[in-house]
Amino acid sequence: MTKFALVGALLLVAGGCRIATDPGPVRTASQPVEGGNAEMVNAEITMTAGELEILGGAPRLLDASFRYSEKLGKPEVHYEATGFRGRLRVEAPGASLTGGDITNEWKLVFGDKYPLDMRLRMGAGEGTLDFSKLPLRKLQAELGAGELKIDLRGAYPRGVEADIRGGVGEATIRLPSAMGVVADAKGGIGSIETRGLIRRGDRYYNEAYTETKPAIRLSVRGGVGQINLIVE
């Protein structure tokens with residue numbers, strides 16, 4: 001069991017979840033999602049514990065693929081479009097297991113046609129989120145325990161509002177050098193490391209930032225662990 005799975009197991013035990021020494025065989029599933037006539041999409045991703053990867057390159061709104069222990073259950077994907085707005089939900093099923101060698105891996109490949117407002121909630125695990133080729137507008141991300149890697153090195157014509165909340169673990173956020181960045185970052189017990197940012201008061205700025213141009217406006221809060229902000 002990886003350190004992320006171990007942390008997730010501890011959290012699940014604390015929540016009174018069912019112990020399964022044999023989580024069953026590993027299953028695989030995939031699900032494509034067409035965006036229809038939506039002009040923008042609200043996406044909500046909820047994972048109790050596991051490994052999550054988000055990236056671009058799909059020919060449609062979403063190509064989702066999963067590897068999961070049978071007794072854990074297949075993740076659920078729901079989409080509906082009302083008027084110009086689409087609503088996408090990807091969430092863990094009702095079953096919660098701990099103990100044994102549990103597999104829960106999600107790969108979510110989004111297309112670049114639909115501007116995205118995304119809310120992500122992870123109880124524990126490892127998240128690798130590459131938004132560099134996606135039309136991201138807003139991001140809310142919450143991680144209970146584990147490691148979070150976020151790539152925001154895209155060209156976002158209207159800017160991005162990003163709010164990152166970390167619990168126990170490490171968050172590394174990669175930021176662009178050509179587009180303005182302003183970051184309000186505060187840690188708990190852990191530390192904040194920056195590269196390519198200048199601190200002014202209680203905020204951090206890159207050299208490209210001006211008040212009159214679209215920018216990435218980032219708020220980061222950490223609990224116990226480290227926050228890394230890297231301009232590249």
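Colleague: What should I know before reading any values?
Modeller: This is a predicted model, where local features need pLDDT of at least 70, side-chain atom pairs count only at pLDDT 80 or more, and totals for chains, interfaces and linings use all residues. Residues are numbered from 1 along each chain as its sequence is written, and side-chain values use heavy atoms, with hydrogens and water left out.

Colleague: How many helices and strands are there in the protein?
Modeller: Helices (H or I, at least four residues) and strands (E, at least two) are DSSP runs, numbered from the N terminus. By that rule the protein has one helix and 17 strands.

Colleague: What share of the residues is buried?
Modeller: Buried means under 20% relative accessible area, exposed is over 50%, and partly exposed is in between (1.4 Å probe, protein chains only). Of the 232 residues in the protein, the buried share is 44%.

Colleague: Among contacts between residues at least 6 apart in sequence, what share joins residues at least 24 apart?
Modeller: Contact here means heavy atoms within 4.5 Å. Taking the contacts between residues at least 6 apart, the share that joins residues at least 24 apart is 69%.

Colleague: How many aromatic pairs does a search of the whole structure find?
Modeller: Rings of Phe, Tyr and Trp (its six-membered ring) pair if their centres lie within 6.5 Å; planes under 30 degrees apart count as stacked, over 60 as edge-to-face and the rest as tilted. With those cut-offs, the search of the whole structure finds two.

Colleague: Which kind of aromatic pair do Phe66 and Trp106 form?
Modeller: Their ring centres are 5.8 Å apart, and with 90 degrees between the planes the pair is edge-to-face. Phe66 sits in strand β4 (residues 62–69) and Trp106 in strand β8 (residues 104–110), so the pair links parts of the chain 40 residues apart. Phe66 is buried, at 2% relative accessible area, and for Trp106, also buried, the value is 3%. To answer you directly, the pair is edge-to-face.

Colleague: And which kind do Tyr205 and Tyr209 form?
Modeller: Tyr205 is buried at 14% relative accessibility, and Tyr209 is buried at 17%. The two ring centres are 5.2 Å apart with 55 degrees between the planes, which makes the pair tilted.

Colleague: Which residue lies over the face of Tyr205?
Modeller: A charge sits over a ring if NZ of Lys or CZ of Arg is within 6 Å of the ring centre and within 35 degrees of the ring normal. The one over the face of Tyr205, at 4.9 Å from the ring centre, is Arg200.

Colleague: Which residue forms a salt bridge with Arg67?
Modeller: A salt bridge is a side-chain nitrogen of Lys or Arg within 4 Å of a carboxyl oxygen of Asp or Glu, and the structure holds 16 of them. Arg67 in strand β4 and its partner in strand β8 are 38 residues apart. With the closest N and O atoms 3.0 Å apart, the partner is Glu105.

Colleague: Which residues does Glu105 touch, not counting those up to four places away in sequence?
Modeller: Glu105 belongs to strand β8. Its C-alpha atom is separated by 9.5 Å from that of Ser69, 36 residues apart along the chain. The residues touched are Glu51, Ser65, Phe66 and Arg67.

Colleague: Which residue meets Asp184 in a salt bridge?
Modeller: Asp184 is in strand β12 (residues 180–186) and its partner in strand β16 (residues 215–221), 37 residues apart. Asp184 counts as buried at 16%. The side chain that meets Asp184, at 3.1 Å from N to O, is that of Arg221.

Colleague: Which residue in the turn between β5 and β6 has a positive phi?
Modeller: Two strands pair if DSSP finds at least two bridges between them. Seven bridges join β5 (residues 76–82) to β6 (residues 85–91), and the strands run antiparallel. They form a hairpin with two residues between them, and the turn residue with a positive phi, about 65 degrees, is Gly83.
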